Amino acid sequence: MRFTHLPHPERHPMSTAPFSLDLDLDDLDTEDVDVELVVFDMAGTTVTDDGLVERAFALAAERSGLTDTADELAEAIEFVRETMGQSKLDVFRELTDSEEAAVAATAEFETAYGELVEQVGVTAIAGAADLFQELRDAGVKVALVTGFSRATQDTLIDSLGWDDLIDVSLCPAEAGRGRPYPDLPLTALLRTGASSVAAMVVVGDTASDMLSGQSAGAGLIVGVLTGTHDTATLEDAGADVVIESVADLAELLGLREETIE
C-alpha cells in the first residue's frame, strides 16, 4: 500500500492551511511512500476519553495529598491538560518534589483511572476497530502507544477486544522515555520490523504526540480532533495533517482511493 507523504512546513516549504479531504492532492508538494506501520495514541485518539484522565488525576491528587487548595488543584489540572499524552510518571515528577512522591501519585492515578473505567466503561472512537482491520488487511502493521502503565493499557485493550487487531502495544517503561521523545514510535518500528521511519505514520490528539512523531522522523504525522488539543496546537507541534478523527484516516492514506480522486 502507498500513501502520500505531506511534508510539514518546518521540514519542507509548503502551505500550512488546514487539510481537507476535499483538497486536490495533485496541488500539494507530495512524495509517494510505502506505508508499513501506523502508530496510534490511545486516550483521545482511538479510545474515547470523556474527561476520565482529568477525573482520575483529581482523585489521585486528593488521595496522595498532591494539592491543598482548589486553586492548586485547578493549576495542576491545567498542567495535566497541557502535557496530555506524556508519561504520567513524568508529569507527576514535575508536580512533586521527590521521585518517591511521583511514583506514589502515579500509582494512585492508575488505580483511579482503572476504577473509573470499571464504573463507566470504555468506548472506542467510532471507526477505530474497522480501521485497524482495514490497515492489517492491506499489510500495514498497527501499534498502540500510551502514557499509561502497562496494566492500564492492557485493561483498555482487553476491554475493547483489540488484542487480535493490533501488532504491538507499548507504554513508556517499555520504550525508554515517553512522549514527546521519539522512543515509543521508534520502538514500535523496531518491534514490527518496518523498513524505515519514512514508512511510518504517527497519529494522535495531543501536541506531545505530534512532537514525538516529528522527533522520530515519521513519514506522516496526523493530528485528530477527538481529544485534547485543537488544530492550531497540533499544527504548531508538527502535524502534517489534521483530520476530524481516525475514521478519516483510511481515506487519507489512500485505502479508499476512489473517494479522494
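This is a short briefing on the fold and a few local spots in the structure above. The model is a predicted one. You're looking at a chain with eleven helices and eight strands. Of its 261 residues, 50% count as buried. Among contacts between residues at least 6 apart in sequence, 65% join residues at least 24 apart.

**The sheet**

- Six of the strands come together as an open sheet, and the order to trace on screen is 5-4-3-6-7-8.
- The pairing in this sheet is parallel.
- In general, strands of a sheet pair through backbone hydrogen bonds, and they do so either parallel or antiparallel.
- Strand 5 (168-170) and strand 8 (241-243) sit at the edges, each pairing on one side only.
- Going from one strand to the next, the twist averages 20°.

- Strand 6 covers residues 200-204 and strand 7 covers residues 220-224; the two run parallel and are joined by four bridges.

**Helix 2 against helix 3**

- Helix 2 (residues 70-82) packs with helix 3 (residues 88-95) at an angle of about 145°, and their axes are 11 Å apart.
- The crossing of this pair is right-handed.
- From helix 2, the residues that meet helix 3 are Ala 76, Phe 79 and Val 80.
- On the helix 3 side, the partners are Val 91, Glu 94 and Leu 95.
- Sorted by class, that contact has five nonpolar residues, one charged residue and no polar ones.

- Asp 183 belongs to helix 8 (residues 183-192).
- With a relative accessible area of 13%, Asp 183 falls under the 20% cut-off, so this residue counts as buried.
- The side chain of Asp 183 has a polar contact with the side chain of Arg 177, at 3.0 Å.
- Set aside its neighbours within four places in sequence, and Asp 183 is in contact with Ala 175, Gly 176 and Arg 177.
- Pro 180 lies in the loop between helix 7 (172-175) and helix 8.

**Asp 50, a loop residue with positive phi**

- Asp 50 is found in the loop between strand 3 and helix 1 (52-64).
- Its phi is near 55°, a positive value in a residue other than glycine.
- Asp 50 has a relative accessible area of 62%, which is over the 50% cut-off and therefore makes this residue exposed.

**Leu 253, after helix 11**

- Leu 253 lies in the segment that follows helix 11 (249-252).
- At 1% relative accessibility, Leu 253 is buried, because the cut-off is 20%.
- Leu 253 and Leu 220 are 33 residues apart along the chain, and their C-alpha atoms are separated by 9.8 Å.
- Leu 220 is in the range of strand 7 (residues 220-224).

How values were computed. Residues are numbered from 1 along each chain as its sequence is written. This is a predicted model: local features need pLDDT of at least 70, side-chain atom pairs count only at pLDDT 80 or more; totals for chains, interfaces and linings use all residues. Side-chain values use heavy atoms; hydrogens and water are left out. Axes are lines fitted to C-alpha atoms, for helices over the stretch in contact, and angles run from 0 to 180 degrees between N-to-C directions. A crossing is left-handed if the near helix is turned anticlockwise from the far one by less than a right angle, and right-handed if clockwise. Contact means heavy atoms within 4.5 Å. Ala, Val, Leu, Ile, Met, Phe, Trp, Tyr, Cys and Pro count as nonpolar, Asp, Glu, Lys and Arg as charged, and the others, Gly among them, as polar. Buried means under 20% relative accessible area, exposed over 50%, partly exposed in between (1.4 Å probe, protein chains only). A polar contact is a pair of N or O atoms within 3.5 Å; within protein, one must be able to donate a hydrogen and the other to accept it, and residues adjacent in sequence count only if both atoms are side-chain atoms. Two strands pair if DSSP finds at least two bridges between them.
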